[in-house]
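Have a look at the model first, then read on.

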Amino acid sequence: MFDTLSDRLSGIFTKLRGKGRLTDADIDATAREIRLALLEADVALPVVKSFIHRLKERSRGANVAQALNPAQQVIKIVHEELITVLGGEARRLNFAKQPPTVIMLAGLQGSGKTTLAGKLAKWLKGQGSQPLLVAADLQRPNAVNQLQVLGERAGVEVFAPQPGNGVGDPIAVARESIEHAKRHMRDIVIVDTAGRLGIDTEMMAQAASIRDAVEPDEIIFVIDAMVGQDAVATAEAFRDGVGITGVVLSKLDGDARGGAALSVREVTGQPILFASTGEKLEDFDVFHPDRMASRILGMGDVLTLIEQAEQAFDADQKEKMTA
Ligand SMILES: Nc1nc2c(ncn2[C@@H]2O[C@H](COP(=O)(O)OP(=O)(O)OP(=O)(O)O)[C@@H](O)[C@H]2O)c(=O)[nH]1
Ligand SMILES: [Mg+2]
């Protein structure tokens with residue numbers, strides 16, 4: 001993921017190296033190249049536009065501050081803007097004041113909802129919770145069984161009173177699962193729902209009914225990071241149709257260009273909570289915008305240098321003030 005974008009960015013920054021001053025023409029040329037690199041990575045156009053606007057605005061001041069040379073300052077600005085696009089700070093899960101906390105998963109078919117349900121359950125169990133997995137996808141063949149297998153692997157109970165494969169009412173299952181959780185002292189309920197191939201009014205209506213039945217503390221939209229420009233339309237449809245409170249990026253282990261990952265936060269207005277990075281239950285982590293931004297830049301050493309230069313400069317300034 002992000003390999004091409006990383007390569008492009010480091011190529012762009014290499015050209016800036018050694019420049020003592022950045023002219024407006026330098027800044028414009030750099031911004032243009034970064035714009036192309038983001039578009040090629042499939043980042044949504046409105047996201048690219050606002051990114052480039054902020055980059056240009058801030059870079060014009062790059063000749064002013066003194067701790068860093070102009071190239072370093074542009075790298076620093078791009079890094080900070082990437083963090084912003086990815087959501088700034090990591091956001092923790094919202095827990096209910098009165099357990100159980102209810103987490104509902106929504107997303108297109110194959111986006112990774114059921115896999116995420118298992119991962120989340122295992123992770124939460126590792127944090128000392130007693131989660132309950134709820135099989136509310138009664139449509140897709142084998143969906144209930146898939147969740148049962150994952151639950152077993154995670155060591156977490158699965159509430160599956162209906163056989164699925166087209167039999168049973170997912171809304172009733174979701175509603176009953178809350179009572180079940182209360183009776184059995186489960187403090188977190190994770191509701192797996194059915195996906196569809198594309199945006200589909202019937203699916204949205206079902207998801208909205210499940211939402212109303214369980215009143216979730218989190219509605220997590222799971223999006224396959226491999227999908228390109230379609231990601232934006234899908235994210236908007238779920239935002240408007242179901243209402244979402246957070247996003248999980250799945251399949252970040254793939255070699256896609258990464259545009260969905262960079263667009264979804266700004267398009268939905270909701271934070272990316274977790275990243276899914278493989279098929280195994282362990283391939284999962286809290287999403288940290290700053291770490292992801294550094295990975296995209298692929299310039300860990302340069303970023304460290306920038307930080308050191310700033311610290312040295314600050315110390316120097318302080319010394320001058322007190323002298
Ligand atoms: N490489 C990779 N594969 C994943 C990841 N997450 C899920 N998968 C795979 O993607 C496929 C679909 O995942 P599911 O969890 O079944 O997706 P879903 O959203 O529940 O799909 P539906 O139930 O059909 O709506 C499965 O083969 C998973 O093993 C991931 O992070 N990386
Ligand atoms: Mg599923």
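Helix H5, residues 113–126, supplies four residues to the shell around ligand 1, the most of any contributor. Helices (H or I, at least four residues) and strands (E, at least two) are DSSP runs, numbered from the N terminus. This is a predicted model, in which local features need pLDDT of at least 70, side-chain atom pairs count only at pLDDT 80 or more, and totals for chains, interfaces and linings use all residues. Residues are numbered from 1 along each chain as its sequence is written, and side-chain values use heavy atoms, with hydrogens and water left out.

**Around ligand 1**
- Lys113, Thr114, Thr115, Asp253 and Glu279 come nearest among the 19 residues around ligand 1, where "around" means a heavy atom within 4 Å.
- The shell holds one nonpolar, 11 polar and seven charged residues, with Asp, Glu, Lys and Arg counted as charged, Ala, Val, Leu, Ile, Met, Phe, Trp, Tyr, Cys and Pro as nonpolar, and the others, Gly among them, as polar.

**Polar contacts (N or O pairs within 3.5 Å)**
- A ligand 1 oxygen lies 2.8 Å from a side-chain N or O atom of lysine 113.
- For glutamine 146, a side-chain N or O atom is 2.9 Å from an oxygen of ligand 1.

**The whole chain**
- The protein chain has 12 helices and eight strands.
- Its C-alpha atoms fill a box of roughly 70 × 45 × 30 Å along the principal axes.
- Of the 323 residues in the protein chain, 50% are buried, meaning under 20% relative accessible area (1.4 Å probe, protein chains only).

Note on methods
Chains are lettered from A and ligands numbered from 1 in the order in which they are written. A polar contact is a pair of N or O atoms within 3.5 Å; within protein, one must be able to donate a hydrogen and the other to accept it, and residues adjacent in sequence count only if both atoms are side-chain atoms.
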